[in-house]
Amino acid sequence: MIHRSRAAAFVATALLVAGSASAQNQPVISITPANRARWDIAAHVGWLAARTSDPGLYGNDSYNVGLGGVSLGRYLTPHLKAEVQAAIHGEGNLYREEYLPGSVPPFRVTEHHLRTATAGAGLFYQFFDNQWFHPYLGGGVEVLRDEDRAVMIDGRPGLPATVATGVSYATRPFVATGFKWYVTERAFVRAGAQGSFSSRDTTHVAWTLGVGGDL
Amino acid sequence: MRTIAILAALATLTTSSAFARQAPQPDVWRTFAQQIGVGSRVMIRFDDGKRVAATLIQADADSMLVQPRTRAAVPAQRVPYDRIASMERDDARGVGVGKAVAIGVGSGVGAFFGIMLILMSVLD
């Protein structure tokens, strides 16, 4: 009975607050055009800084590569947009040295040549309404396809290097921020940064600059 | 009992804050609109907190007709004076559109590549 009365009190308070808010805030003026854009499409280029680490290995943990991608967004409201995006990255190189106790020589060197492609989907909030400049914030989930061509050099004289190629997939969250700057009523320049993270201490930060249009 | 007391206090606070808003000054804004002249650029803040940049088209006794300055055109709209919290002239101040765009694009692209270079030097 006490729970029921508390629930009733909560509902009454919520209605009072909501009612008072709506009574105050009937919009005076609308700046949303009647034929507002429903879609936005964009292409971008940029730079990816990737950092990764494997415990027990020595070498460099990061690489920087160029990237290119496209995106397609659907405006759910004038501010909220659902977007799918895809990108391909240039080849990144990592050098790893593995200590092998008891072996002669006691190490093995591996050069990793990494090529990554990503596809993702997310929700983005765009600030301001029908203006020339719109900052945005967003987040979502992306799938990574990592192609790793590993060249292993054993270190013993006369042994050729061995090459192994593997493909792996991973899913991870991303966050993004940036701005759209319209140069005409529907065409824009977009600049932004997008970061994604994983439990294996892998971090990707992509800086992008692109062009696009509202449809 | 304590929960109900807290809820009652919250409700009182909310409703009293609504009543405590600044009283409308329609006469002030009517006089202002009629004196600044048709074609003036104005920045209007409404009683709901929303701000709109607009061009004054017509100032009548109870309301004024304004054209919002937006990227995609919207129709001219009537604004009752008693919904205006504040209004001021919004004249251009010396920097033209072309110069502003050039400065903006230049600084944006410069910042973009500057940050990338800093990041590359940090990670390498």
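Reader: Which element gives the most to the lining of the largest cavity?

Author: Strand β9(A) does, with seven residues. Helices (H or I, at least four residues) and strands (E, at least two) are DSSP runs, numbered from the N terminus. Residues are numbered from 1 along each chain as its sequence is written, while chains are lettered from A and ligands numbered from 1 in the order in which they are written. The model is predicted, so local features need pLDDT of at least 70 and side-chain atom pairs count only at pLDDT 80 or more, whereas totals for chains, interfaces and linings use all residues; side-chain values use heavy atoms, with hydrogens and water left out.

Reader: How many cavities does the structure hold, and what is the volume of the largest cavity?

Author: Rolling a probe the size of a water molecule over the atoms shows where empty space is left. Here a cavity is a set of points, on a 1 Å grid over the protein atoms alone, where a 1.4 Å probe fits but cannot get out, and lining residues have an atom within 4 Å of a point. Grid points are joined across faces, edges and corners, and a volume is the space filled by probe spheres set on the points. Three cavities reach 30 Å³ or more, and the largest has a volume of about 330 Å³.

Reader: Which residues lie nearest the centre of the largest cavity?

Author: They are His44(A), Gln85(A), Gln194(A), Ala206(A) and Thr208(A), out of a lining of 28 residues. The elements that give two or more residues to this lining are β1 (39–51), β3 (62–75), β4, β6 (107–126), β7 (133–153), β8 (162–182), β9 (187–197) and β10 (203–214) of chain A. By residue type, the lining has twelve nonpolar, 13 polar and three charged residues. In this count Ala, Val, Leu, Ile, Met, Phe, Trp, Tyr, Cys and Pro are nonpolar, Asp, Glu, Lys and Arg are charged, and the others, Gly among them, are polar.

Reader: Which residues lie nearest the centre of the second largest cavity?

Author: The residues nearest its centre are Pro33(A), Arg36(A), Ala37(A), Asp214(A) and Arg71(B), from a lining of 18. The volume of this second largest cavity is about 220 Å³, and its lining divides into seven nonpolar, five polar and six charged residues. Arg36(A) sits in the loop between α1 and β1 of chain A. Leaving out residues up to four places away in sequence, Arg36(A) touches Tyr75(A), Leu76(A), Thr77(A) and Pro78(A), a contact being heavy atoms within 4.5 Å. From Arg36(A) to Gln194(A) there are 158 residues in sequence and 27 Å in space, C-alpha to C-alpha.

Reader: In what sense do β1(A) and β10(A) pair?

Author: Strands of a sheet pair through backbone hydrogen bonds, either parallel or antiparallel. Two strands count as paired if DSSP finds at least two bridges between them. β1(A) and β10(A) are antiparallel over twelve bridges, with Ile41(A) opposite Gly213(A). β10(A) also pairs with β9(A), again in the antiparallel sense, over eleven bridges; there Gly195(A) has Val205(A) as its bridge partner.

Reader: In what order do the five strands of the chain B sheet stand?

Author: The order is β4-β3-β2-β1-β5 in an open, antiparallel sheet. β4 (77–80) and β5 (84–89) of chain B stand at the edges with a single partner strand each, so one side of each has no neighbour in the sheet. Neighbouring strands are turned by 45° against each other on average, direction ignored. β1 (41–46) of chain B meets β5(B) over five bridges, among them the pair Phe46(B) and Ile84(B). In the hairpin of β1(B) and β2(B), four residues lie between the strands, and Gly49(B) takes a positive phi near 95°. Helix α2 (26–36) of chain B lies across β1, β2 (51–59), β3 (63–68) and β5 of chain B, at about 20° to β5(B); axes are lines fitted to C-alpha atoms, for helices over the stretch in contact, and angles run from 0 to 180 degrees between N-to-C directions.

Reader: Where is confidence lowest in chain A?

Author: pLDDT is the predictor's confidence in each residue, from 0 to 100. In chain A the mean is lowest in helix α1 (2–24), at 49, and highest in strand β4 (80–89), at 97. Residues 14–23 of chain A have pLDDT below 50, and this stretch has four contacts in the model beyond near neighbours in sequence. Where pLDDT is low, the predicted coordinates should not be read in detail. Chain A averages 85, chain B has a mean of 78, and the complex has an ipTM of 0.71 and a pTM of 0.74.

Key
1 Å grid on protein atoms, 1.4 Å probe; cavity = no way out; pocket = protein on both sides within 12 Å on 5 of 7 lines; lining within 4 Å.
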